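Let's take a friendly walk through a protein model. Keep the picture in view as you read.

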Amino acid sequence: MGQNIESTRHWIKQRISSILLIPLTVLFIYNFLNVAFLPYNEVITNYDNIFNLIIAFLFITISIWHFYQGIEVVLEDYIHNIVLRDLTLKSLKYLCWILIISVCLSFIILYRFWNSEKLNEFIRICWSYLRCCSSWSRR
């Protein structure tokens with residue numbers, strides 16, 4: 001009986017994260033496409049809007065949570081060695097937590113030090129490099 005209740009809770013949590021991701025995905029992609037080919041300063045201006053920053057943060061964190069829920073079911077179904085399955089699930093859980101903490105810290109640092117000259121210069125260099133690489137790969 002206890003396993004059935006836990007499975008039902010897991011199923012409901014996965015559906016909730018799916019439903020949350022529908023509008024977040026649309027908003028994130030819309031926002032991303034708006035800034036994908038803009039210069040760095042205009043991207044910064046776009047993310048000065050706290051709404052855009054929150055959408056990006058929620059999309060990334062809920063996506064990681066949804067990924068873990070889905071891969072957990074797959075691993076439970078297809079890894080029959082209990083020790084290996086538990087080790088893989090724990091490792092994956094820790095990896096997802098590390099990713100979520102990294103995302104949180106990144107957003108805190110970016111939001112807190114948004115107007116820092118050194119940070120802006122570093123991001124400007126990275127942004128230029130990424131734009132250069134993406135235009136080079138399309139040739």
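## Starting at Leu20

Leu20 sits in helix α1; helices here are DSSP runs of H or I with at least four residues, strands are runs of E with at least two, and both are numbered from the N terminus. Leu20 is partly exposed, because its relative accessible area is 37%, and that class lies between buried (under 20%) and exposed (over 50%), judged with a 1.4 Å probe and protein chains only.

This is a predicted model, where local features need pLDDT of at least 70, side-chain atom pairs count only at pLDDT 80 or more, and totals for chains, interfaces and linings use all residues. Residues are numbered from 1 along each chain as its sequence is written, and side-chain values use heavy atoms, with hydrogens and water left out.

## The whole chain

The chain has five helices and zero strands, giving the pattern α-α-α-α-α along the sequence. Of its 139 residues, 27% are buried.

## A pocket to explore

Which helices each supply at least two residues of the second largest pocket's lining? They are α1 (2-35), α3 (50-78) and α4 (82-112), with the largest share, five residues, coming from α3. A pocket is an open set of points on a 1 Å grid over the protein atoms alone where a 1.4 Å probe fits, with protein on both sides within 12 Å along at least five of seven lines; lining residues have an atom within 4 Å of a point.

In this pocket, 13 residues form the lining, and Trp65, Tyr68, Gln69, Lys93 and Trp97 lie nearest the centre.
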